[in-house]
Amino acid sequence: MHEPPVFDEAFRARLRELFAWRRDVRRFRPDPVADHTLDRLIEAACLAPSVGLSQPWRFVVVDDAERRAAIVDNFSQCNREALESYTGDRATLYARLKLSGLRDAPRHLAVFADETTSIGHGLGRRTMPEMLHYSVVAAICNLWLAARAEGIGVGWVSILDAARVRETLDTPESWRLIGYFCLGYPEREDDRPELELEGWEHRRSLGTQVLRR
């Protein structure tokens with residue numbers, strides 16, 4: 001049995017700084033992200049907690065040019081439809097936003113949940129089966145923070161038709177898409193979300209998000 005590490009105040013401060021500087025990146029430099037670097041980030045993701053130790057995350061590294069182009073087309077269509085749902089000034093602002101870095105990011109990564117995995121023997125999922133998906137989200141958060149610690153930006157692209165993504169990537173029907181991500185070195189960095197900088201929304205105070213009983 002190994003001795004547990006001791007995390008001092010200086011480490012906790014740096015960790016808090018890492019949280020604050022994690023951003024959803026949409027503007028990437030062309031510098032490549034090596035396979036071994038991406039593998040290291042995925043390994044960090046797999047250290048996440050999972051319900052019943054089910055480890056339901058499944059990663060698809062998307063390098064094929066035709067598949068990536070199909071994902072870009074998928075986004076473009078969904079983005080046009082999303083724009084049509086807004087009117088007035090909000091539509092004008094939406095049209096100005098850069099909502100993905102799919103064309104520029106050196107790496108694409110799709111993350112799925114295997115909904116039929118037998119690993120974990122179903123523990124913890126009888127009353128809350130959605131815990132399988134939440135476990136994958138926890139893995140994504142690990143990857144996101146590990147990437148930021150290496151100066152790599154991650155962008156979550158949610159404006160996609162998930163069924164078309166699964167078809168494009170030819171994944172098993174039992175895999176449910178949880179997130180599609182762009183990875184690369186960001187053009188610029190900021191400790192404020194881009195959507196806040198663009199005036200789309202602002203961070204809420206903690207008092208509005210905590211209910212005490």
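**View 1. Buried residues of helix H5.** In helix H5, the buried residues (under 20% relative accessible area, with a 1.4 Å probe and protein chains only) are Leu-132, His-133, Ser-135, Val-136, Ala-139, Ile-140, Leu-143, Trp-144, Ala-147 and Arg-148. The model is predicted: local features need pLDDT of at least 70, side-chain atom pairs count only at pLDDT 80 or more, and totals for chains, interfaces and linings use all residues. Residues are numbered from 1 along each chain as its sequence is written, and side-chain values use heavy atoms, with hydrogens and water left out. Helices (H or I, at least four residues) and strands (E, at least two) are DSSP runs numbered from the N terminus. The cover over the buried residues of H5 includes helices H1 (9-21) and H2 (35-45) and strands S1, S2, S3 (153-157) and S4. Just after H5, Gly-151 adopts a positive phi of about 80°.

**View 2. The open sheet.** Four strands are arranged in the order S1-S2-S4-S3, with antiparallel pairing; two strands pair if DSSP finds at least two bridges between them. S1 and S3 each have a single partner strand, so one side of each edge strand lacks a neighbour in the sheet. S3 and S4 pair over 5 bridges, and Gly-153 stands opposite Gly-184 in S4.

**View 3. Surroundings of Leu-169.** Beyond its neighbours within four places in sequence, Leu-169 is in contact (heavy atoms within 4.5 Å) with Val-60, Val-62, Arg-67, Ala-110, Phe-112 and Tyr-180.

Methods. Buried < 20%, exposed > 50% of the residue type's maximum accessible area, 1.4 Å probe, protein only.
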